[in-house]
Amino acid sequence: MRYRSQEVAYWYFAVALLLFALQLVFGFLSAVKYLGPDPLKDLLPFHVTKTIHTNLLVVWILMGFLGSAFYVVPEESKTELHSPRLAYVTLGLLTVAGVVAVVGYMFGWTAGNKLLEQPRPIKPAIVVVMLLFAYNIVRTLAKGSRITVTAGALVAGLSGAALLYLPSLLEYTNYTVATFYRWWTIHLWVEGVFELVQAELLAFLLMKLTGIERSVVEKWVYIVAGLTFISGLIGTAHHYFWIGVPEYWLPLGGFFSALEPLPFLALAVMAYVAFRGMERAPRNRVALHWALGSAMVALIGAGLLGLAHTWPSVNRWTHGTLVTPMHGHLAFFGAYAMIVLAMVSYTMPFLTGRPESEGRAQGLGIWAFWTMLTGITGMTMAFAAAGVAQVYMERILGVGYLDAQLKIQVHFQMLLAAALLFSTGVLLFLWDYFGRHSKRGTHLAAGGASRP
Ligand code: HEM
Ligand code: HEM
Ligand SMILES: [Fe+2]
């Protein structure tokens with residue numbers, strides 16, 4: 001790193017990784033309930049553990065994005081961050097809001113809207129967090145010597161995420177109306193502005209790691225942004241098929257969401273072009289694994305597994321079954337968890353003041369990568385098998401919900417086995433970050449960060 005203030009990213013990543021670990025605890029708590037008996041049924045019922053599992057996911061991903069922006073923007077704009085202190089205040093506020101929300105869920109304090117369960121008083125706090133972030137980063141851009149496409153689009157993506165959170169402040173008693181607007185936040189985040197964030201972070205990493213020229217990646221960022229906009233906006237309607245809105249949403253949702261894999265394909269091609277053009281391997285091989293991996297796994301998890309059930313004629317069978325978490329896990333992991341882990345891995349040598357770890361002793365990091373990837377693949381397959389069997393039994397044979405669940409328990413055993421493997425990978429990653437490369441200071445590179 002070149003600017004001392006980029007160091008704030010370390011603390012964003014540290015908190016994000018701890019929340020990631022906590023997210024997994026609630027994943028296990030949710031999964032074991034499928035196998036019963038459940039001694040925690042009254043204390044922590046399924047809807048509470050699942051809410052905490054998914055909310056922690058969103059919070060740590062968001063933290064990872066903000067931390068990444070605090071690293072990327074000063075470097076791209078060639079200036080110190082406007083206010084590191086404000087960045088720490090923002091982190092503190094987001095952490096407190098997240099923790100209060102999680103504890104609140106345990107006591108039944110919830111707005112009840114899936115993925116937007118944060119109660120009324122928490123939501124404005126999150127808006128304030130995003131405003132503080134935007135203020136800090138825009139002031140940084142303004143005083144910098146240049147605004148690159150990468151930095152500008154990153155800030156636009158995150159500001160878009162803040163704006164799109166606003167519809168969630170409105171609460172409706174009509175379930176159809178509430179669901180209709182819920183997707184303005186959730187869908188337009190994961191299949192809209194978050195995709196832009198992924199594209200910019202990937203562009204930044206590919207420039208650093210493979211030496212691909214800025215003008216080439218910038219062109220790809222424009223292509224990804226265009227394709228995301230064309231497909232993702234009206235693609236929202238793939239969530240409107242069965243919620244009680246007019247029928248014209250069926251063809252609209254089907255057609256436009258079927259185009260949604262295209263931006264993910266463009267990202268994968270961008271990564272492949274960079275990889276092919278690489279003259280020699282970068283010192284930080286771990287970061288390269290995560291960056292290329294993110295592009296590829298997002299294409300499979302979001303693009304292909306999303307496409308698999310986005311047609312109304314398929315979705316009428318699979319909607320709301322275990323086919324949905326099959327896709328949800330690999331999509332979220334590939335697109336957003338992996339890109340954050342790529343940023344963490346890339347910045348680690350600079351943020352921990354251990355430049356030597358950029359090149360040497362990377363075995364543990366590579367093991368963490370493959371263990372997590374194998375684990376999440378197994379989990380995806382377990383959900384897929386459970387989901388397809390569930391659809392067949394429940395919706396074709398007419399077997400009751402609970403009877404069908406009993407018959408698919410074996411897939412939850414597989415899910416747990418794969419999840420254990422996945423968690424081992426996460427522990428290796430955490431050990432690499434907090435243990436082996438514990439923070440010693442910061443490493444300021446004179447002529448710019450890592451080059452291949
Ligand atoms: C230890 C590992 C994990 C376990 C055991 C686990 C387990 C589960 C379970 C049982 C559910 C509820 C599924 C249902 O509705 O019936 C769930 C939901 C979910 N999990 Fe995980 N999970 C794990 C890790 C992850 C990771 C790493 C991510 C993302 C990066 C993730 C993202 C999600 C999402 C987005 C949902 C909601 C899906 C939906 O509503 O359909 N989980 N998880
Ligand atoms: C990185 C991008 C993506 C992420 C993180 C993601 C994640 C998710 C999650 C968590 C859900 C469950 C939401 C809920 O029920 O509240 C979901 C649902 C869905 N996703 Fe995605 N998704 C992504 C991209 C896509 C794409 C590109 C497509 C289509 C090509 C797609 C198609 C669908 C469909 C059809 C559903 C509804 C499933 C149902 O009816 O139960 N997704 N997605
Ligand atoms: Fe969607």
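How do the residues of the shell around ligand 1 divide into nonpolar, polar and charged? Eleven are nonpolar, eight are polar and one is charged. This is a predicted model.

**Shell around ligand 1**
- The shell holds 20 residues.
- Those that come nearest to ligand 1 are G27, S30, T324, G328 and A419.
- Helix 12 gives the most, with seven residues.

**Helix 10 against helix 13**
- Helix 10 spans residues 285-307, and helix 13 spans residues 363-396.
- Their axes come within 8 Å and cross at roughly 25°.
- Angles under 35 degrees count as roughly parallel, so helix 10 is roughly parallel to helix 13.
- The crossing of helix 10 and helix 13 is left-handed.
- On the helix 10 side, the contact is made by R285, V286, H289, W290 and G293.
- On the helix 13 side, G365, I366, F369 and L373 meet them.
- The residues of this contact divide into five nonpolar, three polar and one charged.

**Helix 13 and what follows**
- Helix 13 has 34 residues.
- From its first C-alpha to its last, helix 13 reaches 48 Å.
- That span is close to the 50 Å expected at 1.5 Å a residue.
- G398 follows helix 13.
- The phi of G398 is positive, near 80°.

Key: Residues numbered from 1 in each chain as written. Chains lettered and ligands numbered in written order. Predicted model: local features only at pLDDT ≥ 70, side-chain atom pairs only at ≥ 80, totals over all residues. Near = placed C-beta within 6 Å. Helix = DSSP H or I, 4+ residues; strand = E, 2+ residues; numbered from the N terminus. Nonpolar A, V, L, I, M, F, W, Y, C, P; charged D, E, K, R; others polar. Axes fitted to C-alpha atoms, helices over the stretch in contact; angles between N-to-C directions. Parallel < 35°, antiparallel > 145°, perpendicular 65-115°, else oblique. Left-handed = near helix turned anticlockwise from the far one by under 90°. Contact = placed C-beta atoms within 7 Å. Expected span 1.5 Å × (residues − 1).
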